[in-house]
Amino acid sequence: MDQHCKNILQTAVSEKILWDYPLKSFTTFRIGGPAAAIVRVKDAAELQRVLQFIADYALPWRVIGKGSNLLVDDSGFQGVVLILTGGFADITWKGVENRILEAGAGCSNWIVTAFCIQHGLSGFEFCAGIPGTIGGTVTMNAGAWGASIGEILESVDVMTAEGMGRYTADILEFSYRKTSGLPEQGVITAARLHLKTDTREHVKKRCEDLLKKRKTAQPAGLPNGGSVFKNPEGDSAGRLIDSCGLKGLRIGNAQVSEKHANFIINRGGATASDVTALIARIQERVRVETGVQLELEVRFLC
Ligand code: EPU
């Protein structure tokens, strides 16, 4: 991006843009080269200006949330990375009457979980511990414990270069780790969720129980990108990889978790090529030994 472009883009937002800045600190894998620009956007007006700029200059771009489930290439991303902050992290409970919680797309699932506990709101417990933002959770129709976000979604707001639109859940399609029907060149800015009321203690207990289960089954502590592969129909990717004896398999500093075989751990200084080589090795072994072709859940940014 030339200096003229940089100047225009900087005038669109109030926060200082990070130019040629490593993305590794913005991903849970702690892997990835620099993005041409990392732009933190704090409200709808800023976002509209940035999207307009991106459209005018036909620049590649991507929104990232908490950078979970994301593998950024070692050479980085020659485009604009958007991060929603400020007013995009607001949460409002619309009251007992309509039972709708509105959460900005930049809200982390942790914050929404804490809000639900504090206000005695039930229905979001399954998201406790899913390490992403509401925007990412909706995009991926993320879920756990047999539930996914699509089941409690009332509507989603999406901003494009043309303006803001509201998409009600009945016109969207929710499948395993995928929400379809939203504009491809848009940014999810908020989601409204159907919730119920309950006592704080009950909501808290359910969240804590699920977090405990998650902690027992999944690695915590070392950086990772969440589930690497989607579960094949009727089976578990973790079980299949484990059955091939691949736990602990290491390439460079990337290693198949000893705790849950569908997680790849960054042992410190792992590169995206370590991870992709390990992914290829796992897919090959599982295909040869079980006949199953594992599909990626982790998304790439390159
Ligand atoms: N298993 C093994 N070895 C392993 C891992 C699992 O044998 O290394 C077995 C378990 O013993 C169990 C079965 O495989 O019998 C299923 O494992 P688990 O209960 O851990 O669930 P999962 O199918 O691996 C899914 C989601 C998780 C979600 C959990 C809990 C996918 C790919 N994974 O895991 O979601 O947290 O259920 O609901 O859909 C994610 O999508 O990023 C994610 C973490």
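1. The structure is a predicted model, in which local features need pLDDT of at least 70 and side-chain atom pairs count only at pLDDT 80 or more, while totals for chains, interfaces and linings use all residues. Residues are numbered from 1 along each chain as its sequence is written, and side-chain values use heavy atoms, with hydrogens and water left out.

2. Helix 3 spans residues 109-119, and Asn109, Val112, Thr113, Phe115 and Cys116 in this helix are buried (under 20% relative accessible area, with a 1.4 Å probe and protein chains only). They lie on the same side of helix 3 because they cover an arc of only 160° around the axis, taken from the directions from the helix axis to the C-beta atoms. Helices here are DSSP runs of H or I with at least four residues, and strands are runs of E with at least two, numbered from the N terminus.

3. The partners against which the buried residues of helix 3 pack include strand 7 (100-104) and helix 5 (200-217), and just after helix 3, Gly120 takes a positive phi of about 65°.

4. The model has 0 disulfides, a disulfide being a pair of cysteine sulfur atoms within 2.5 Å. For Cys107, the nearest cysteine sulfur, that of Cys116, is 10 Å away, and Cys107 is buried at a relative accessible area of 1%. The sulfur of Cys207 is 7.3 Å from that of Cys116, its closest, which is too far for a bond.

5. Arg214 lies in helix 5 and touches, among others, Phe126, Ile130 and Trp145, not counting residues up to four places away in sequence (contact means heavy atoms within 4.5 Å).

Conventions:
Buried < 20%, exposed > 50% of the residue type's maximum accessible area, 1.4 Å probe, protein only.
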